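The sequence and structure are shown here for reference.

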Amino acid sequence: MARNGLRRSTAEGTPSASGGLSPAQDAIEDVLADVVRRTGASMGGIYLFEPGDRMLRMTALCGLPVEFATPWRRVPLSEALPVADAVRQGRLVWIGSQEEMARDYPRVAAVLPYRLALAAVALEGANRCWGALLLLWSGAHPRQARRRERGHITSSGRRIGRLLDHVGTGTLPEEPQVVALARARRHVGNQTAIADFAERLPGAAALDLEGRFTYVSAHAARFLGREAEVLLGTRPWHSLPWLDDPAYEDHYRTAVVSREPVTYSAVRPPDCHLTFQLHPDTSGISVLISPADGPGALDALPRPASRPEAAPTGRLYQLVHLAAALTETVGAQDVVDLVADQVLPAFRAQGLVLSGADAGRLKIVGHHGYPAEIIERLDHLPLDTDLTPAGRALSTGCPCFLRDREELSRGYPRAPSLTDKQAWAFLPLIVSGRPVGVCTLSYDEPHAFSADERAVLTSLAGLLAQALERARLYDAAHAVARDLQQALLPRTLPSLPGLDVAARYLPASHGLDVGGDFYDVIKLTEHTAAAVIGDVQGHSIAAAALMGQARTAVHAHATAGAAPDQVLARTSRVIADLEPDLLVSCLYVHLDFARGRAMVSSAGHPAPLLRRPGERADPVPVEPGPLLGVDPDSTYPTTTFDVPPGSLLTLYTDGLIEAPGTDPDDAVAALADVLTDVGPRAPDHLDHVIDALLRHAQRGAQHTDDIAVLLVHCLPGSPNPAHILSDNSGP
């Protein structure tokens, strides 16, 4: 079926009827093909949200073999990848050179080290984002996109988003549907003349985008040392042992991705020197083969050989990508998620059990594709168990590959009763000769592990072992840090008649999840209270310790009856006596909710936002004093303002507004807009407000600073018991 000069094909590159596609997928593929053609891109892809809106799945691909997209078929929204950034940040992501790619997306650059330009843009519908559009151009494209081109790409994303508003996504396909570009061809001369022309060339051949021979002339077959009938349908590095080298496959990949001519030389044993010229376009690659200087260039044609079985290609690239991804994992759950999202699809496996060695037993760290009751039986098995091969694989350090249930039952008769899986790979995880765990991959159907798969999985096991060991060390430090953080922050906030208070602490995206942000609500009298928020520089145990000392000092001086300026001045002297190397900001608000008045003093901290009933939220005009501890003789100005019943006061740390390239005043104004737009919603009104503020802060890349938010709502009418909500564990 042809539309817009394009034909649809399966992942194997052969045309398929569209009858098996849903109307939504059919429309998506047609519009993708049209966008690729109109933008002049060499490749395009559509990513759509999976259920839950935390994972993007590639559903359509144009201009590249689907195998090239294996590492990115499923992309977590939190990943630092172009399509994820485009969706999270709501902007066009443009990469104009390999240097930019290496700087901004090193994982992508490691797997695609070619000259190219890349664009990613969100698919924005009327009321939601559906996913992302990805486009690639050859290396000949200018490094900078023209303004009109950027507008065209952005409008294409909106166009697809509006289409999805009407047709929806349907059921997402498990594999990306490939749309092959079909060019209008104008042939001069008859078919016989064209064939004769190709035969007269030194050596003419053609590859499809998957790398398979689709045409081999008699001269080319003689140079290659195989008959054309044997070569057709095979990949050169599979059917010609002397081309079975990653360097030669990489030349093909370079031509396909960059769409630029590639020339290289190779030696056909024993001494036949050949030059290969690859000329790619959207339909495939034309290959010219000619003899280079050297003896034996026209050796006699060998006897035909049987066509070898093709092994999966691209394993080296998958391994490079996974190695780069594993360096970014932090905790054990990150390792489990990475294996489930990327390793299982790459090796066509369906099940995962990741176990760690713990006191002579195998403690399951994570799993995928297994029911809970099976995991419960497998958890904490002794290393010498005869129930599964996992313990033996770990004790011997040798991987175990089982192609079917019969092979499993011969050595472990009880194992088949545990699961309906049909094939397994048990990979021991060893670090410096020390066993740290076992990674078990399983299949729903019998699976014969090729030598290629065994080699790559064994190499992958070493990378997983190091990642798991790092993750376990991180998790141990993380537990200590979280316990310390919980001890330093208030467990509950006081109940105050006439006030409703809520607080939230969100740690930074990376690190020990412990920092210096703190907050507190201090009951002073029946009708007065203090709201405090502060921020100690850095994310470390030292920062957390100083935060605890600062919070204790503020609390002590506040309960002693000191005015806001004196609370900060006295706390500053305490901090100065400690001689810390870290800076501390703090905001102290004294609330008299019976009279509807408040006084505030600031030690270099962002001003609070106040939303009075019926008005928009605005920053309170606070004159800031110096940071705590900088000068023990510092004074702190005090500002007085009205807080009538129904007012909402928002205190926050700068992690809520800081973003690269954003003006602080603009960020505060945007936060005020969010606070203004959030309407009342009982009984979880304050919880709802905090959620809205955090969603706004997390629209961009992963936050690198802690966030603390404290809301104080002066209840309208007569004082009522406060509804207290404190959640220190994050949203």
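## Helix pair α19 and α20

In this predicted model, helix α19 crosses helix α20 in the right-handed sense. The two helices, α19 spanning residues 664-677 and α20 spanning residues 685-697, pack at an angle of about 145°. Their axes lie 10 Å apart.

On the α19 side, the contact is formed by Ala 670, Leu 671, Val 674 and Leu 675. These residues meet Val 689, Ala 692, Leu 693 and His 696 of α20. Sorted by class, the contact between α19 and α20 comprises seven nonpolar residues and one polar residue, with no charged residues.

Strand β8 covers residues 129-138, and ten of its ten residues are buried, so the strand is largely enclosed by the rest of the structure. Burial here denotes a relative accessible area under 20%.

Strand β7 (residues 116-124) runs antiparallel to β8, and eight bridges join the two. Within this pairing, Val 121 has Leu 133 in β8 as its bridge partner.

Notes
Residues are numbered from 1 along each chain as its sequence is written. This is a predicted model: local features need pLDDT of at least 70, side-chain atom pairs count only at pLDDT 80 or more; totals for chains, interfaces and linings use all residues. Side-chain values use heavy atoms; hydrogens and water are left out. Axes are lines fitted to C-alpha atoms, for helices over the stretch in contact, and angles run from 0 to 180 degrees between N-to-C directions. Helices (H or I, at least four residues) and strands (E, at least two) are DSSP runs, numbered from the N terminus. A crossing is left-handed if the near helix is turned anticlockwise from the far one by less than a right angle, and right-handed if clockwise. Contact means heavy atoms within 4.5 Å. Ala, Val, Leu, Ile, Met, Phe, Trp, Tyr, Cys and Pro count as nonpolar, Asp, Glu, Lys and Arg as charged, and the others, Gly among them, as polar. Buried means under 20% relative accessible area, exposed over 50%, partly exposed in between (1.4 Å probe, protein chains only). Two strands pair if DSSP finds at least two bridges between them.
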